[in-house]
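These are my notebook entries on a structure that I examined element by element. The sequence and the model come first, then the entries.

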Amino acid sequence: MTPEELFRALADYVAEHQGKAGQQDFFRAIHRQALKGMGLVNDADIQTSGEAGVLRYIQGELKRRGVADAEAVIFDVGANVGVYTAAALDRFPAATVWSFEPSPTAFRALQETAARYPGRCRPVNLGLSDRAGAATLHSDRPGSTLASLHDRVIREFQEGGSGEAVRLATLDGFCAEAGIDRVHFLKIDVEGHEIAILDGGRGLLDRRAIDFIQFEFGGCNLDSRTFLRDFWSRLDGFAVCKIVKDGLYRLSGYSEFDEIFAYQNFLAIRQ
């Protein structure tokens, strides 16, 4: 059976059984499989998720735009122990990667990663937000990859969660202090705090001084009460693409049907 025949058969079945209580378990199962087919709930590693391919894509696009590797400025925000940072440094052998990690525990491991790339990896023990100051980083344990500035409503946090005192800066403020005029690639992995980071970089965005932005969206955005619509409203002038296993799928525009709170990655491309 071809994909077209399979789809027509499923459409016929839906037309006959839609809205019926006895078919809800079947449709819920189909929905879960469809989410996987759309590339959601795929966070095994950067190869499987398609993120490694995005690094190759951005490298090629920057070269096409006249930006050599040695000129590229990459921000890994929410770097944790530096797994993604290392992948970016390996892909861009002459670029500078600024790695932001607010957790003192994870930052110590990040420094060990940075030591493998002397002069090119610049670890920063800060979180980025829409304001500078102090905050509590909530987690299931110190240094966790689940750590968030929002107290997440998940089992891991309810069973022995912890908190670390951290320092915050804004993207605009940090770049001004560090003398950085342009961020070629901004990768954000901050468990629901993405919108605050974009708001703290409003000046850079308004000056069109960020070329690519990768961000996560999923269950953590329920805890921060942020929506995909919020990203669209802040990313004027960008094309928004879903990152899938074999490349990018460009969204034509915002739709309420895309408000799916399951793990997924997006890439915003400055037009």
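I take contact to mean heavy atoms within 4.5 Å. Axes are lines fitted to C-alpha atoms, for helices over the stretch in contact, and angles run from 0 to 180 degrees between N-to-C directions. Helices (H or I, at least four residues) and strands (E, at least two) are DSSP runs, numbered from the N terminus.

Basis of the entries. The model is predicted: local features need pLDDT of at least 70, side-chain atom pairs count only at pLDDT 80 or more, and totals for chains, interfaces and linings use all residues. Residues are numbered from 1 along each chain as its sequence is written, and side-chain values use heavy atoms, with hydrogens and water left out.

Entry 1, the sheet. I counted two strands as paired if DSSP finds at least two bridges between them. I found an open sheet of 8 strands with mixed pairing, in the order β3-β2-β1-β7-β8-β11-β9-β10. Its edges are β3 (121–124) and β10 (247–250); each has a single partner strand, so one side of each is left without a neighbour in the sheet. From one strand to the next the twist averages 20°.

I then looked at one pair. Strands β1 (residues 73–77) and β2 (residues 96–100) run parallel and are joined by 5 bridges. Val77 has Phe100 of β2 as its bridge partner. Helix α5 (residues 83–91) lies across β1, β2, β3, β7 (183–188) and β8 (210–217), and its angle to β2 is about 175°.

Buried means under 20% relative accessible area, exposed over 50%, and partly exposed in between (1.4 Å probe, protein chains only). A nonpolar core is a set of buried Ala, Val, Leu, Ile, Met, Phe, Trp, Tyr and Cys residues joined through side-chain atoms within 4.5 Å. I asked which residues have the most contacts inside the largest core. They are Phe75, Leu186, Ile213 and Leu235, in a core of 35 residues. β8 gives the largest share of this core, 4 residues. Leaving aside residues up to four places away in sequence, I noted that Ile213 touches several residues, including Leu186, Leu235, Phe238 and Phe266. A second, separate core has 24 residues, among them Tyr84, Ala88, Phe92 and Ala95.

On a 1 Å grid over the protein atoms alone, a pocket is an open set of points with protein on both sides within 12 Å along at least five of seven lines; lining residues have an atom within 4 Å of a point. Grid points are joined across faces, edges and corners, and a volume is the space filled by probe spheres set on the points. The largest pocket holds about 900 Å³ of space. Of its 40 lining residues, Gly78, Thr145, Asp189, Glu191 and Glu216 are the closest to its centre. α5, β4 (127–129) and β8 each supply at least two residues of the lining, and the largest share, 3 residues, comes from β8.

I checked two residues other than glycine for positive phi. Asn80 has a phi of about 55° and lies in the loop between β1 and α5; at 14% relative accessibility it counts as buried. Arg225 has a phi near 60° and lies in the loop between α11 (220–224) and α12 (228–234); its relative accessible area of 63% makes it exposed.

Key
On a 1 Å grid over the protein atoms alone, a cavity is a set of points where a 1.4 Å probe fits but cannot get out, and a pocket is an open set with protein on both sides within 12 Å along at least five of seven lines; lining residues have an atom within 4 Å of a point.
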